[in-house]
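Please find below a note on the model under review. The points are arranged by chain and by interface.

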Amino acid sequence: MSGALRSFLAPFLGRPIAFLGLIVLVGLATAAIFAPMLAPYDPSRLEPVARLIPPSAAHWFGTDQFGRDTFSRVIYGSRLALLIGVGVVSFALVTGVPAGVLSALFPRFGRVVMRMIDVLMSFPALLLALGLIVIIGQGVTNAILAIGVVYLTTTSRITYGLTLRLRTETYVEAANSMGAGAVWTIRKHILPNLISPLLVQASFVFAFAQLSAASLDFLGLGAPPEIPSWGNMLAESRIFITRAPWLLFFPGLSIAITAFSLNLVGDVLRDRLDPRFREMLNGNRR
Amino acid sequence: MWSYALHRTAAAAATLAAASVIIFFFIHFIPGDPLYVLLGDSATPDQVDALRSKFGLDQPIVVQYLRWLANVARGDFGTSIFFQVPVLRVIRDGAETSILLASITMIWITLIGVPIGVIAAMRHGSWLDQGLSGVAMLLASVPTFWVGLYLILVFAAWLGWLPSSGYPSIFEQGGLANLRYLLLPSLTLAAPNAALILRLTRASMLDVAREDYVRTARAKGIRPARVVFRHILRNALLAVVSAFGFTFAALISEAVVTETVFALPGIGQLVVQSILRRDYPVIQGIILVTVVLYLSVNLLVDLSYRFLDPRVELR
Amino acid sequence: MTASPILHVRNLSTRYTVKRGGKMHEVEAVKQVSFTLGRGEVLGIVGESGCGKTSVARSIIRLTRADGGEVLFGDTNLLTARSDDLRKLRLKIRMVFQDPFASLNPRRSIGDSVAETGDIHGLFQNAADRGRQIDKALRDVGLDGSFSTRFPHELSGGQRQRVGIARAILPAPDIVIADEPVSALDVSVQAQVLNLLADLREMMGLSMIFISHDLGVVGHVSDRVAVMYMGRLVEIAATREIIDRPVHPYTRTLMAARPKPDPAFRIKSGIEIGEPPSQFERPAGCPYVNRCSIATARCAAEDPHLRPVASDRLIACHNV
Amino acid sequence: MLHVSDLSVAIGTRSDFTDIVSSVSFEIGRGEILGLVGESGCGKSMTSLALMGLMAEGGPWIRSGRVVLDGFNVIDMPPYRRVESGHGGIAMIFQEPMSSLNPVLKIGEQIEEALAVHEGLAGAGRTRKARELLEMVRIPDAALQLGAYPHQLSGGMRQRVMIAIALACRPKVLIADEPTTALDVTVQAQILSLLRELCDTLGLSILFITHDLGVVAQLVDRVAVMYAGRIVETAPVLQLFEHRGHPYTEALLSCLPDPARPLRRLTTIAGQAARPGAILRGCAFAPRCPKIAEICTIEAVPYAQLSSDHHALCRFPLARPPS
């Protein structure tokens, strides 16, 4: 196991900033998992007396208009961020990768599927998500699905391109010449070589999902208000922008740091990729 | 010469046709009877009958689609439940803001993204390069509205130089000076996308610099600056131009958020309001308009490629 | 010395459709190619790039779908073989590829790559048997068992090509089709791999189809040589005959153009050799017509068929 | 014409470096073709890039040496600075015709660009000169081809355009880095005869870099054999083929498959090609040399003079076989 870990960590050791990105992600995960222990206050406990207190010893990140402790809400907010990220990435991978791989290996099936993906991609990302939310309704799961569909399109298109490229590799032709069927080719040749490019794609999708989810929350169409989410916190902070700037600063910073670290990790992993695949991964969009 | 242009236009038309089917079904996907979805819950019986015949809702679905397509072609996107006026008029009112916002933002993206990307590439590895790339990545990782809110806080609230919201049309009192209302919104919208274009320009410049024909140019004794602009930049821009297609899509998406932050009377804010007001015909209309706009911009980028890259005839 | 034939190729034809300038073009990569391969014989196929020599190999091994003709191995037609016939084909006719850096999956160990056929067709009783067969195949190609746990990026070009050969010979095949197996290697490494192929041929009684653009290599390895041009077989004869007394005009040009490693025999410069026409403007009649020094009106009109001109030499030319 | 002395190219930092080209020296006379031959990784291409001053920054760097062209040392000067100082007499053509021309510029533009730098011609005069150059390299209907794009030409034609571009730089010496390796044998023959013709008619000297001993035999006047960054033997081509002084040259020539004597086992060279910098002391070929002696791995190896213009970097050079 240590071999795989070392080979995973290798690219980061050389570049200090990237290593920082990795540490932040580990921090995000710990915050999300141990939120109850880490948060000094109950995030949704109203404390009218302690309304709009600037950052102080008692409240590191100050309090909001209902007297709730911003630091605790940021810690609990990391739970939703992690949930959204993991949810969107897994949805995009579980649907996008098979669609891309099968489309590349079975051209007749591929032509139809890739046409549909093209059509979906003609809808700008957020509009597609908003349209879906209008149909399936608001809520965390629906937000994950709506954003997931957006990144299903880019993931399947990138997987399609990668698999088309892999299919022409000599070792795949050699396997075919030895009687390897589609299942064997996918299991032994296509998927193992898709892992690192898809890892890069996953980090970018995780980052973009944070931004899309925050936008939905900000528009009031994402997570319900009672769930502590960085986006909701920003939406609520708009009114007190001048009187309580800390309400604007800390949640926004959390989103930015998370997305920035993921982009950084994605970049570092992409630089280690085979140059032929590197260029294909630029096709991402927000 | 024409086969490429015709081919690309046909492909775009086919995509639009397929997208229109999805947009048509948008109303039917929404839970509830399409009639009440279109007219709102307080619709009167004769309004319901009038609409049923107009859209042939009692007809088979294909006829309904064709009927809807015919109406849309004539500019009749149905009536807004909230405003009780034709949807197209509602959209047209918002069009000026959104188009101006998008155009100014595109100018920022081109002026900031491409040149700085070139400079970063030319100073590859230097502190300047790393600084610029770092800032670019940061800007690409920051929520658009957070940037917007901070610009409002600094330039509107603290310094008071610029208005923080609203946008009186340039055709009304104040004329072109009203464009200053769009300064902060366009910078907010441009920040993340200019960052992406910057990183893309830099990456493609560095890729092209490793090509054999650049080494040939240097071997000819051509001065470095000329090699960069005549050989490297010209080929690198091919990749950047093709990226303008999906940058425009990102622009439309983020405009929705930016217009909400700056309370601009554009199509983006209209979508959000319509969703909250359950004004489905307007939502459907806006989605259709933006898809048509996006596909035409993409087609323009595709066709312009024809003139930039002589090899494109082969594709 | 035609040993009893092990493979009959009759009128093999393969067409590709290629998109160019917005329009679709039909390219006849292989046109009516026929030859037989004797048991234990090495048939060299030589020709310039785009002449169809690789397409012939890919059609036989069914990596590319042939449009016409048949390939008889024993009494089964390989082009239409199904289920266990096809399985026999996969075990009996094996292919070695050109590029050592692309023919091995970077993510799989050398052992897994060598044993791939066995894993696909269940040739191994158990893990121990699998390990033994891998070690034997690796030793047969001059490597040792320790290579089986290593990965392609740890090996040199020559070593990787040996692994490719080990993978091909593991199921004790009858025929090995080698597509430019040494073109990507340096001269000293090339010699090692050519010696290896010669040893394996004797040790396993292999018949081989050896494809290359390098006349020196093909001349060294083959018993008989087939020369291809623009998808057609233009001449086929014993190696000595082709080298010393080339008959077909194109073969003569090919022999003349080859840079012999002997400064005493220098090509007289300036002989008009011309450029091969592109696949898309294929001349009517004989494909070599506009480069041929002895072309006549008939050549421009009628496409010559392969016909015997001597005991074991076939030529596709009207005027020879 | 061109004197290269003690040229060394290293990788790594100034303090901790490894030579991938170590103290290479040779001359090329007027109208002479010198073949620089060796297997991949021996440093021949790196030597040519060093001569041209095309070392990419951040990559390998020139540690020492002089490159004297007509009395002027142009070492470490990028091509444009050589042109400005009036000593731009070296031009170069490369191996991959498919990627060595700018895909978005017409052929004519790419030739005229070189003419503008070297001849200072302008307008119609430059276009006429470009057409003449295309005719000189035997490109059919040259006027039409000026307007063509690289992707519309075959590999052979593109290599001719590369030669035309090189000629536009009015070179005294042309460096050709494996120019025909990617071409078919019939096209290669024409390019080789074109190069020989240019040598004879223009008095052009050529440094021809290749791994193909057949091409060496057919084209070059003198040969320098390289192994692990060092020139191990230099001799006129006829002499080299008849009397191989260095064991590596002997091994290399005997590896060649010869159709005249088919079906016999080829002699091979034991071991693996030396990684640059792996051999610090003694002879680089020692580990693989059949005539290895204790001293070979310790002492630096002197050049043995086998005849007036034939020497080998070996303590025990092979004797001349009885003719």
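How many helices and how many strands does chain B have? The answer is given in point 2, after the basis of the note.

1. Basis. The model is predicted, and local features need pLDDT of at least 70, side-chain atom pairs count only at pLDDT 80 or more, and totals for chains, interfaces and linings use all residues. Residues are numbered from 1 along each chain as its sequence is written, while chains are lettered from A and ligands numbered from 1 in the order in which they are written.

2. Chain B, secondary structure. Chain B has 12 helices and 0 strands; here helices (H or I, at least four residues) and strands (E, at least two) are DSSP runs, numbered from the N terminus. The pattern of chain B along the sequence is accordingly written α-α-α-α-α-α-α-α-α-α-α-α.

3. The C-alpha trace of chain B spans about 80 × 55 × 35 Å along its principal axes. Of its 315 residues, 44% count as buried, a term that requires 20 or more other C-beta atoms within 10 Å of the residue's own, with C-beta atoms placed from the backbone. Two residues are in contact if their C-beta atoms, placed from the backbone, lie within 7 Å. Among contacts in chain B between residues at least 6 apart in sequence, 69% join residues at least 24 apart.

4. Helix 9 of chain B. This helix covers residues 212–219, and its buried residues are Y213(B), T216(B), A217(B), R218(B) and A219(B). The cover over these residues includes helix 10 (224–261) of chain B, and chain D contributes helix 1 (44–52), helix 2 and strand 6 (90–93). After helix 9 of chain B comes G221(B), with a positive phi near 90°.

5. Chain C. The secondary structure of chain C comprises 11 helices and 12 strands. Its C-alpha trace spans about 70 × 50 × 50 Å along the principal axes. A compact globule of 320 residues would have a radius of gyration near 20 Å, and the 21 Å of chain C agrees with this; the radius is taken over C-alpha atoms, and the globule rule is 2.2 Å times the number of residues to the power 0.38. Buried residues make up 46% of the 320 residues in chain C.

6. Chain pairs. Five pairs of chains touch, and the pair with the most contacts is C and D. By contrast, no contact joins chain A and chain D, whose closest C-alpha atoms lie 16 Å apart.

7. The C–D interface. Here 34 residues of chain C are in contact with 36 residues of chain D. On the chain C side, helix 7 (187–204), helix 8 (215–221), helix 9 (239–244) and helix 10 (249–257) each supply at least two residues. Helix 7 of chain C gives the most, with 7 residues.

8. Helix 3 of chain D. The 12 residues of this helix (residues 107–118) should span 16 Å at 1.5 Å a residue, and its end C-alpha atoms lie 17 Å apart, which agrees; the expected span is 1.5 Å times one less than the number of residues. Helix 3 of chain D is mostly covered, with 9 of its 12 residues buried; among them are I107(D), I111(D), L115(D) and V117(D). The cover includes helix 2 (79–84), helix 4 (123–136), helix 5 (142–146) and helix 6 (155–168) of chain D. Helix 3 of chain D is followed by G120(D), whose phi is positive, near 65°.
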